[in-house]
Amino acid sequence: ERAPGGLQPQLLPLPLPALDGGSVYAVSRAAQTWVLLRRRLYEAAKDRTKLGRSLVLKLTLGVLVGVIWLDSGRDASFKAAFPTSGALFLVVNNCVMDTLFETVLQFPLQRALLGREYANGTYSLGAYYVALQASNLILSALSSALLALPVYALVGLAATAGQAGYFVLVLALMSLIGSSLGVIVGATTADIDSARSAIVPTLVPLLIFSGYLIPLEKIAPYFKWAYYASFFQYALGALELNEFGSRVYTRDCPSQVAAEAAYELVHAAYPALPLPPLPTNFTCDGTEYLRAQGLFPPKYGGRRGYALILGGYLALFLVAAYVVLAARMRRLVLRPS
């Protein structure tokens with residue numbers, strides 16, 4: 001039965017002997033990748049109930065985050081900056097954890113099929129891996145957009161097209177990092193329990209030292225390395241620079257709070273002393289909050305530099321995942337990949 005859109009699960013023919021010293025496969029690696037990508041997308045789309053449930057769950061999470069932090073991005077109070085960072089931290093965390101655990105849960109079944117087909121010489125491991133990551137990119141972009149839209153609308157984050165696009169880009173990068181980590185964990189562990197045992201001690205320190213739960217200046221010197229090693233802090237820093245770099249606040253600014261405190265102290269000490277009224281036109285911008293988080297002046301070249309760092313992490317995990325997967329498969333059979 002052919003699926004909507006013409007997608008049809010199919011296996012490539014068994015390899016033909018390479019009498020001329022060329023490829024051992026009957027078709028090119030590009031053709032293998034295309035067929036495997038179509039199969040991956042077909043597998044994702046064939047169970048419409050499961051796919052719909054997954055997309056609705058992502059959308060629901062975005063709405064839930066938006067409702068919890070409703071209008072915090074529109075609040076003119078400087079005190080709203082930290083809660084807004086909480087919403088950013090949650091969506092970054094979810095993008096990694098969601099795709100990581102989904103990949104780990106699915107990988108044991110995929111590993112059995114992959115091992116069988118790869119041992120039979122049906123296709124190259126490189127073609128399978130490119131198709132796997134290409135399908136993950138498509139699905140991650142879709143899920144990141146579904147998560148980002150309600151968060152953006154309800155929280156009231158920076159509304160320019162460039163800032164919104166950057167927000168989705170960072171979430172998509174983190175989703176792909178999560179899926180690559182899922183391949184690494186799935187290929188190196190025997191079952192779900194051992195995978196869970198490997199995930200928690202690895203990711204929890206990176207979350208703790210991401211700069212949100214413990215500010216940079218409060219992290220002990222012997223744990224600073226964990227802050228700079230955490231891809232969570234680069235993602236959160238990127239989104240905070242994106243959000244607060246152009247933000248202006250008119251209430252509860254640090255200078256206003258300090259002036260009001262000084263006014264109260266003087267009034268309490270000298271109640272009979274006539275004092276001029278406090279000014280009411282205090283303003284401050286988001287760079288004061290970024291400076292308190294150790295993000296201003298911007299490091300690493302600003303938003304572009306943070307995105308490149310996340311891209312570097314992704315490239316590292318993509319290569320590591322392929323190396324680990326190749327080592328696992330070559331235990332079964334030695335075949336060109």
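Rings of Phe, Tyr and Trp (for Trp, its six-membered ring) are taken as a pair if their centres lie within 6.5 Å, with planes under 30 degrees apart counted as stacked, over 60 as edge-to-face and the rest as tilted. This is a predicted model, in which local features need pLDDT of at least 70 and side-chain atom pairs count only at pLDDT 80 or more, while totals for chains, interfaces and linings use all residues. Residues are numbered from 1 along each chain as its sequence is written, and side-chain values use heavy atoms, with hydrogens and water left out.

Start by selecting F231, F232, Y234, Y300, Y306, Y313 and F317, which ring pairs link into a cluster. The structure holds 18 aromatic pairs. One of them to display next is F82 with Y212, whose ring centres are 5.0 Å apart and whose planes stand at 10 degrees, so the pair is stacked. This pair links distant parts of the chain, since F82 is in helix α3 and Y212 in the loop between α6 and α7 (224-229), 130 residues apart; helices here are DSSP runs of H or I with at least four residues, numbered from the N terminus. Y212 is buried, with a relative accessible area of 16%, whereas F82 counts as partly exposed at 41% (buried means under 20% relative accessible area, exposed over 50%, partly exposed in between, with a 1.4 Å probe and protein chains only). Then select Y123 and Y128, whose rings have their centres 6.2 Å apart and their planes at 10 degrees, so this pair is stacked; both Y123 and Y128 are buried.

Move on to R303, whose charged end sits over the ring of Y166, 4.7 Å from its centre (the criterion is NZ of Lys or CZ of Arg within 6 Å of the ring centre and within 35 degrees of the ring normal).

The backbone comes next. Most residues other than glycine have a negative phi, and most peptide bonds are trans. Return to Y300, in the loop between α10 and α11, where phi is near 60 degrees, a positive value in a residue other than glycine; Y300 is partly exposed, with a relative accessible area of 35%. In the loop between α10 (286-292) and α11 (302-330) you will also find P297, which a cis peptide bond joins to F296, with omega about 0 degrees. Finish at D71, which lies in the loop between α2 (48-68) and α3 (81-119) and has a positive phi of about 65 degrees although it is not a glycine.

Definitions and conventions. Helices (H or I, at least four residues) and strands (E, at least two) are DSSP runs, numbered from the N terminus.
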